[in-house]
Amino acid sequence: MTMNGGTLLQLIVVFGSLSLLSFGGTNTVLPEMHRQAVTGYHWLTDLQFASIFAISQASPGPSSLIVSLVGLKAAGWLGALVATIAMFTPAAVLTFAASLAWERFRDAKWRIATEKGLAPITVGLLLASGLVITRAADHGWSAFMLTGATTILLVITRVNPLFVMVGAGIIGGLGLVK
Amino acid sequence: MSKAALDRKQPAVTHRDLALCFLKIALVSFGGGLSAWARQVLVEERQWLTDEEFLTALTLARLLPGPNVTNLAVYVGTRFHGLSGAGAALAGLTLVPLAIMLSLGVIYFHYHHLPGFQSVLTGVVAAGVGLTLSMGVKAGLDILRQPMAVALAVAAFVGMAILRWPLWLVLVGLAPIGMAWYWPRERKNQEEEP
């Protein structure tokens, strides 16, 4: 882990812009985050990216905190802090402004159009995240089966995803997932 | 803050209440189901928002970029105490989870060479992908009811996952098409506020 101003600036630019592009939540920008952090800047390897994704999914709180681990790997503790602030601040400032103005836009046509028009795109981006992470993790057929099983389980039941994570960790720990 | 929101009887909510409330939401909801838990805590337990107010807040949170629950925290914080309230809610939501995430990350970066550790994570990665896919599938079952919606979703998927275009390009290319398609064409009678 090295610390230098250039890397910190890159973290600010990358996550500051991802913050404003993350319509539908952080999971929609995972492919882009992977493109920048792994392919572009080589802050992490594919496997490390897939692993911190797993950690962020299994941890409490907003999953966008995954950026703190990208920052940690890229530039140490300061990097973690800078990446987190860069990821949260722009969207939060925008939401703050929008919260003050929200009532005025209640019936605006552009608001309805934005809401309905972005929804299908968000669906496509979520499914893209699934594929990109799977490729990053270099999954074998048993991991694909586990992914398929958890997807179906989480779609058709209301089981707490945390239990599914723990179960999958145990299955992995037994050496059953390659 | 709107006049309507100010006119309504506001529960007494301190900055500390805001921080603790969103800390609770963060801690109980991990693994997902955040909006369900947020509703449970904000509407049922604390009664800070009515059901309708909560849905409005959630729509706003979903519409804007950023994690939904983060945006929800900023909205609720702003509603009660403006900028400082937003800060308190956001701090409550993120600081403890950040400490947990960094601890797990440090453990990971130090011990990931241990074979057992990586095996466990491989399982968790597979389930984590499943969680993300299930969100996409559930939202898709709700939303993808027209050919145009399906086309937009497929185009976003192909652009991002197959062609690996930058996200801004995918959004700049598709969002205007989606917005134009769903632009309300006839004015429906809006429900009057009670």
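User: Is T14(B) buried, exposed or partly exposed?

Analyst: Buried means under 20% relative accessible area, exposed over 50%, and partly exposed in between, using a 1.4 Å probe and protein chains only. T14(B) has a relative accessible area of 41%, so T14(B) is partly exposed. This is a predicted model, where local features need pLDDT of at least 70, side-chain atom pairs count only at pLDDT 80 or more, and totals for chains, interfaces and linings use all residues. Residues are numbered from 1 along each chain as its sequence is written, chains are lettered from A in the order in which they are written, and side-chain values use heavy atoms, leaving out hydrogens and water.

User: Where does T14(B) lie in chain B?

Analyst: Helices are DSSP runs (H or I, at least four residues), numbered from the N terminus. T14(B) sits in the loop between α1 (3-7) and α2 (15-28) of chain B.

User: How many residues of chain B are in contact with chain A?

Analyst: Contact means heavy atoms within 4.5 Å. Here 92 residues of chain B are in contact with 98 residues of chain A.

User: How many salt bridges are there between chain B and chain A?

Analyst: A salt bridge puts a side-chain nitrogen of Lys or Arg within 4 Å of a carboxyl oxygen of Asp or Glu. Between chain B and chain A the count is zero.

User: Which elements give two or more residues to the side of chain B that touches chain A?

Analyst: They are α2, α4 (51-63), α5 (68-111), α6 (115-143), α7 (147-162) and α8 (167-181) of chain B. Of these, α6(B) gives the most, with 25 residues.
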